[in-house]
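Good morning, and thank you for coming. Please look at the structure on the screen while I take you through the ligand site, the nonpolar cores and several individual residues.

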Amino acid sequence: MTDHYRLAIIGHPVGHSMSPLMHALAAKRNGLALTYDKIDTLPGQVGETVARLRDEGYHGFNVTVPHKIEVMEYLDHISEEAKLIGAVNTVVIGQDGRLTGYNTDAYGFVAPLKKTAGFDPEGKSVFMYGAGGAARAVAVGLLAAQVASLTIANRTVARAQELKERLVTHYRAATITAIGFDDKNLVESVGGADIIVNTSSVGLGGQTGSLPGEDEIKGGLVVDIVYQPLETKLLIKANALGAATLDGLWMLIHQGDRAFNIWTGKNFPIEEVRSALLARLRQETASSPSGE
Ligand code: ATR
């Protein structure tokens, strides 16, 4: 067993990343020695940073925006799931210096559905807003969990269609549909869904914009992957309309839990990590009146 884990996160910016806090707490509770550095890496410098981490004896690192795709060029092996998602957020550096990439976002999304909301996705119908990077991981997680249908609704319909094309060849059992925000079937799809997910950046930073069809929520489970603010407009509305809700902090915590498990074989103390992150978010909101 490793006696001191050297880990890091690379991204730009990484100043506000909550990963160091989560991993330090988990290491402490598991009796492991760990250092977890934030390494601000500009686009174009990813290869250099990865080589440095390998040469300096790091055990692995997380990858965040905007490098989750670019980092794939510098890895020796990539998990099938990460290939399908088209992005890597967790890298293991082996003792031989080989780099293996994983994506823990799909697990991060699906795990709390079951564990926290008591919702089993198998056989369910999903309505998902957004078709960007986060949407790819969420869709792969849900399709792997055997949902019956997935409607992808995106402002730019061509991106929803591209995502659908990417997924249909792999997941033949589910009915996958791509629509634009002005599609005449959107309202009906929202109303008929067992689970509604927002993966778009609408609501991020407390923006006032709303999502089409959000007034048609008829219950079920509504999940927002945005966690700043924790209570997005969508979740507040969903609550008022009688739906169960899950906020975006759950996905953040569980993707971290999976990464920690890949590196150390141990798990996060989930509730304790959540309390620590809630305290951090409250602190940040208090020190910035606009909540930014
Ligand atoms: P991420 O990696 O966080 O998913 P992304 O790949 O840039 O980021 O995707 C952002 C998503 O939010 C996209 O689905 C985007 O829609 P477009 O493809 O039409 O750009 C969506 N999005 C961002 N701002 C939006 C807005 N104001 N209204 C609706 N959708 C928005």
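Let me begin at the ligand. In this predicted model, a polar side-chain atom of Arg 159 lies 2.9 Å from an oxygen atom of the ligand. The backbone contributes as well: a backbone N or O atom of Gly 133 is 3.0 Å from an oxygen atom of the ligand, and a polar backbone atom of Ala 134 also lies 3.0 Å from a ligand oxygen atom. On its own, the ligand has 650 Å² of accessible area, of which the protein covers 67%.

Which residues come nearest to the ligand? Out of the 13 residues around it, they are Asn 154, Arg 155, Thr 156, Arg 159 and Ser 201. By type, the shell consists of 7 polar, 4 nonpolar and 2 charged residues.

The largest nonpolar core contains 60 residues. Within that core, the residues with the most contacts are Phe 109, Leu 113, Met 128, Leu 150, Ile 152, Leu 167 and Val 197. Helix 9, residues 249-264, supplies the largest share of this core, with 8 residues.

Val 197 deserves a moment of its own. Setting aside residues up to four places away in sequence, Val 197 touches Phe 109, Val 126, Phe 127, Met 128, Tyr 129, Val 138, Leu 142, Val 223 and Ile 225. There is also a second, separate core of 18 residues, and its members include Ile 10, Leu 53, Val 71 and Met 72.

Thr 90 belongs to strand 5, which spans residues 90-93. Is Thr 90 buried or exposed? Its relative accessibility is 0%, so Thr 90 counts as buried. The side chain of Thr 90 makes a polar contact, at 3.0 Å, with the side chain of Asn 89. Beyond its neighbours within four places in sequence, Thr 90 is in contact with Phe 61, Asn 62, Thr 100, Gly 101, Tyr 102, Thr 104, Ala 259 and Trp 263.

The other is Leu 211, located in the loop between strand 10 (195-198) and strand 11 (221-224). Leu 211 counts as buried because its relative accessibility is 5%, below the 20% limit for that class. Among the residues that Leu 211 touches are Tyr 129, Phe 181, Asn 198 and Leu 234. Phe 181 is 30 residues from Leu 211 in sequence, yet their C-alpha atoms are 8.4 Å apart in space.

Finally, some points of backbone geometry. The peptide bond from His 12 to Pro 13 is cis, with omega near 0°. Pro 13 sits in the loop between strand 1 (4-11) and helix 1 (19-29). A cis peptide bond also runs from Val 65 to Pro 66, with omega near 5°. Pro 66 is placed in the loop between strand 3 (60-63) and strand 4 (77-78).

Which residue has a positive phi although it is not a glycine? That residue is Gln 146, with a phi of about 70°. Gln 146 lies in the loop between helix 5 (133-144) and strand 8 (149-154). At 49% relative accessibility, Gln 146 counts as partly exposed, since exposed requires over 50%.

That concludes my overview, and I welcome your comments.

Definitions and conventions: Residues numbered from 1 in each chain as written. Predicted model: local features only at pLDDT ≥ 70, side-chain atom pairs only at ≥ 80, totals over all residues. Heavy atoms only, no water. Near = heavy atom within 4 Å. Polar contact = N/O pair within 3.5 Å; in protein donor to acceptor, adjacent residues only side chain to side chain. Areas by Shrake-Rupley, 256 points an atom, 1.4 Å probe, with all protein chains shown as cover. Nonpolar A, V, L, I, M, F, W, Y, C, P; charged D, E, K, R; others polar. Core = buried A, V, L, I, M, F, W, Y, C linked by side-chain atoms within 4.5 Å. Buried < 20%, exposed > 50% of the residue type's maximum accessible area, 1.4 Å probe, protein only. Helix = DSSP H or I, 4+ residues; strand = E, 2+ residues; numbered from the N terminus. Contact = heavy atoms within 4.5 Å.
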